[in-house]
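Here is a short briefing for a reader who is meeting this structure for the first time.

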Amino acid sequence: MAAQSTGSSGINAEYGNSGDCVPDAFFWTIDEVANWIEDIGYWQYKSCFTENFVDGRKLIMIDANALPRMGIQDFDHVKAICGAIRNVLGVEAPDSMRTIYLPPRDHLATFLEKKAFLGPNSDSLEFEPLST
């Protein structure tokens with residue numbers, strides 16, 4: 001795989017040319033995710049991420065339900081880590097008061113969830129921002 005360059009926007013330049021607006025964190029290795037967890041102050045959970053093989057593609061799937069199953073039981077830590085994941089991936093926080101009749105507001109999160117799976121179908125997906 002060719003080296004991936006990033007600009008100041010945090011968007012992966014190699015994939016940016018094909019129309020994708022994929023955050024750099026999406027392409028992190030397992031070790032890079034574990035180092036990031038350590039860097040944000042949760043060094044004690046580094047092994048939880050490495051033992052569960054969480055790389056950048058899987059990071060979008062980590063939520064408040066997954067963290068306790070990985071061994072992270074402290075609720076304040078769960079909330080903080082979930083917020084940090086949303087921040088590094090550039091997706092908005094869920095809004096429990098939003099009506100289900102409206103379309104999803106976070107198009108990028110939906111795209112990243114679909115792109116998280118491996119294979120030619122997900123690899124060929126390109127992000128197309130919704131026009132407003």
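In which loop does glutamine 44 lie? Glutamine 44 is found in the loop between α2 (30-39) and α3 (46-51). This is a predicted model, in which local features need pLDDT of at least 70 and side-chain atom pairs count only at pLDDT 80 or more, while totals for chains, interfaces and linings use all residues. Residues are numbered from 1 along each chain as its sequence is written, and side-chain values use heavy atoms, with hydrogens and water left out.

**Overall fold**
- The protein chain has eight helices and zero strands, where helices (H or I, at least four residues) and strands (E, at least two) are DSSP runs numbered from the N terminus.
- Of the 132 residues of the protein chain, 33% count as buried, with buried meaning under 20% relative accessible area, exposed over 50%, and partly exposed in between (1.4 Å probe, protein chains only).

**Glutamine 44**
- Glutamine 44 counts as partly exposed because its relative accessibility is 31%.
- Between the C-alpha atoms of glutamine 44 and isoleucine 72 the distance is 9.4 Å, although the two are 28 residues apart in sequence.

**Aromatic pairs**
- There are three aromatic pairs, counted when ring centres of Phe, Tyr and Trp (its six-membered ring) lie within 6.5 Å, with planes under 30 degrees apart called stacked, over 60 edge-to-face and the rest tilted.
- One of them joins phenylalanine 26 and phenylalanine 27 edge-to-face, at 5.4 Å centre to centre and 85° between the planes, and both of these residues are buried.
- Another is the stacked pair of tyrosine 42 and tyrosine 45, at 6.1 Å centre to centre and 25° between the planes, and both tyrosines are buried.
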